[in-house]
Structures are given as C-alpha cells and as structure tokens.
Amino acid sequence: MSERSSPQISSRKQPKQARSTELVAAVLEAAVQVLATQGAARFTVARVAERAGVSVGSVYQYFPNKAAILFRLQSDEWRQTSDMLREILEDNRNPPFERLRTLVRAFIQSECDEAQIRVALNDAAPLYRDAPEHHAARMSVQQSVDAFMLQALPTVPTQTRALAGDLVITTLSTVGKRFSSAPRSPVEVATYSDAMADMFCAYLESLQRCPL
C-alpha cells in the first residue's frame with residue numbers, strides 16, 4: 001500500500017504588487033475570523049473567500065488548499081512568538097534570570113491573548129503536522145535557547161543544559177496552553193507567571209549549585 005501523501009501547504013506564489021498584498025492580507029484576516037467562529041472542522045476556502053469578499057479563484061491564486069491557509073496562519077503565529085522569545089532571550093542588557101522572568105510573563109500573556117485562535121489552529125494541526133515546514137518552524141528558537149542556557153548555566157555540562165532548556169520551553173508551552181484555556185484576569189496572569197518563573201529560576205539555581 002502506498003503512503004498517503006501530505007497536502008501541499010506552501011503558498012503558490014508571493015504577492016509582489018500592493019493590490020496583491022492587500023488581497024492576501026484580506027484573505028488571511030478572513031481566515032482568522034472563519035477559524036475563530038466556525039472552528040477547524042468547518043473551515044473551507046469557500047467560507048474564507050466569502051468572508052473576504054473575493055472569489056474562490058482569487059484565493060487559489062495564492063493558496064492551493066485550506067491546509068495552506070491554515071499553515072500560513074500557524075507560521076505567522078510561530079514567527080511572532082519566536083521573534084518575541086528571541087528578542088527577550090538575546091537581550092544581554094539584562095541578567096539571565098531577569099530575562100527568564102520576562103519571557104514567562106510575556107509568553108503566558110500572549111497565550112491568553114490569542115487563546116481562541118490557537119485552540120482552533122491546534123485542531124487543524126493534523127493537516128500539516130508532518131510537513132517539513134512545520135518541523136523547521138518549531139526549531140526556530142532553539143539556538144537562542146541554547147545560547148541563553150550557556151549564559152545562565154556556564155559551568156553546567158552541555159547535556160544538562162540542553163535538558164534544562166528543553167524542560168523549560170516544553171513546560172512553558174504545555175502549561176501555558178492549559179492555563180489559557182479559560183479566561184484569565186490580569187491579576188491571575190501575573191500571579192501565575194511569577195509563580196512559574198520562580199519555579200524555573202529555582203530549578204536553574206539548583207543546577208548551578210550542583211551541576212550533574
């Protein structure tokens with residue numbers, strides 16, 4: 001039996017003129033609205049085109065299928081989050097543990113601000129989970145995390161630093177997703193973020209004292 005091929009998720013072409021750029025922006029904005037109101041199960045190219053006020057053919061000029069639209073939304077979200085993480089982690093004006101606290105607060109707030117669309121994108125993930133683009137996007141902050149851990153734990157063995165970095169990022173992502181699944185007040189976000197940052201800092205400090 002032949003393996004089932006993955007759907008094409010790359011855009012057909014990139015807009016070069018202002019009018020084309022505006023059309024793609026309108027399509028993506030409409031896609032966000034359809035995804036938020038209809039969910040991944042009822043997300044279709046036709047619904048996106050109708051919401052954007054353009055023809056289905058116009059959408060297909062840039063996106064070969066609905067998976068490509070959803071992946072573009074997911075890629076944009078990954079890029080925004082990655083840029084935020086890198087900016088904080090690479091800000092050498094602040095000491096490592098202060099950067100870590102800033103990172104936790106910013107990430108948890110971001111998760112809460114965009115919870116609805118992220119839940120819908122997560123539901124759509126099977127459409128592009130195995131695509132090479134997906135794996136490349138998820139690795140975009142790894143170098144920044146490694147460099148940060150080297151600054152925070154300079155005397156700790158490389159393998160232990162790598163484990164610590166993976167543990168912090170995985171925990172932050174998993175817990176942040178769960179925490180943001182319900183509406184949260186600013187006080188709740190601040191309290192939860194500070195508690196999580198305390199936990200991470202205590203863990204890294206323990207590694208500094210007793211490197212394995």
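Visitor: What is the chain built from, helices or strands?
Guide: Ten helices and zero strands. Remember that the model is predicted. From the N terminus on, the order reads α-α-α-α-α-α-α-α-α-α.

Visitor: How many of the residues count as buried?
Guide: 40% of the 212 residues in the chain.

Visitor: And what share of the contacts comes from residues 24 or more positions apart?
Guide: 73%, taken over contacts with a separation of 6 or more.

Visitor: On to packing. At what angle do H5 and H8 pack?
Guide: About 140°. H5 covers residues 96-113 and H8 covers residues 142-152. Their axes are 9 Å apart.

Visitor: Why is that pair called oblique?
Guide: The angle is about 140°. Roughly antiparallel needs over 145 degrees, so H5 counts as oblique to H8.

Visitor: Which residues make the contact?
Guide: From H5, Pro96, Phe97, Arg99 and Leu100. From H8, Phe148, Gln151 and Ala152. By type, that contact has five nonpolar residues, one polar and one charged.

Visitor: What about H8 and H9, how do they cross?
Guide: At roughly 120°, with axes that come within 9 Å. Perpendicular stops at 115 degrees, so H8 and H9 are oblique to each other. The crossing of H8 past H9 is right-handed.

Visitor: Which residues meet there?
Guide: H8 brings Val145, Met149 and Leu150. H9 brings Arg161, Ala164, Gly165, Val168 and Ile169. The contact of H8 with H9 splits into six nonpolar, one polar and one charged.

Visitor: Switching to the cores. Which residues touch the most other members of the largest one?
Guide: Leu100, Val104, Ile108, Met149, Leu153, Leu172 and Leu204. That nonpolar core has 27 residues.

Visitor: Which helices supply at least two residues each?
Guide: H4 (66-89), H5, H8, H9 (158-179) and H10 (186-209). H10 gives the largest share, seven residues.

Visitor: Pick Val104. What does Val104 touch?
Guide: Leu172, Ser193, Met196, Ala197 and Phe200. Residues up to four places away in sequence are not counted.

Visitor: How many residues are in the second core?
Guide: 24, and that core is separate. Among them are Ala68, Ile69, Ala120 and Leu121.

Key: Residues are numbered from 1 along each chain as its sequence is written. This is a predicted model: local features need pLDDT of at least 70, side-chain atom pairs count only at pLDDT 80 or more; totals for chains, interfaces and linings use all residues. Side-chain values use heavy atoms; hydrogens and water are left out. Axes are lines fitted to C-alpha atoms, for helices over the stretch in contact, and angles run from 0 to 180 degrees between N-to-C directions. Helices (H or I, at least four residues) and strands (E, at least two) are DSSP runs, numbered from the N terminus. Angles under 35 degrees count as roughly parallel, over 145 as roughly antiparallel, 65 to 115 as roughly perpendicular and the rest as oblique. Contact means heavy atoms within 4.5 Å. Ala, Val, Leu, Ile, Met, Phe, Trp, Tyr, Cys and Pro count as nonpolar, Asp, Glu, Lys and Arg as charged, and the others, Gly among them, as polar. A nonpolar core is a set of buried Ala, Val, Leu, Ile, Met, Phe, Trp, Tyr and Cys residues joined through side-chain atoms within 4.5 Å. Buried means under 20% relative accessible area, exposed over 50%, partly exposed in between (1.4 Å probe, protein chains only). A crossing is left-handed if the near helix is turned anticlockwise from the far one by less than a right angle, and right-handed if clockwise.
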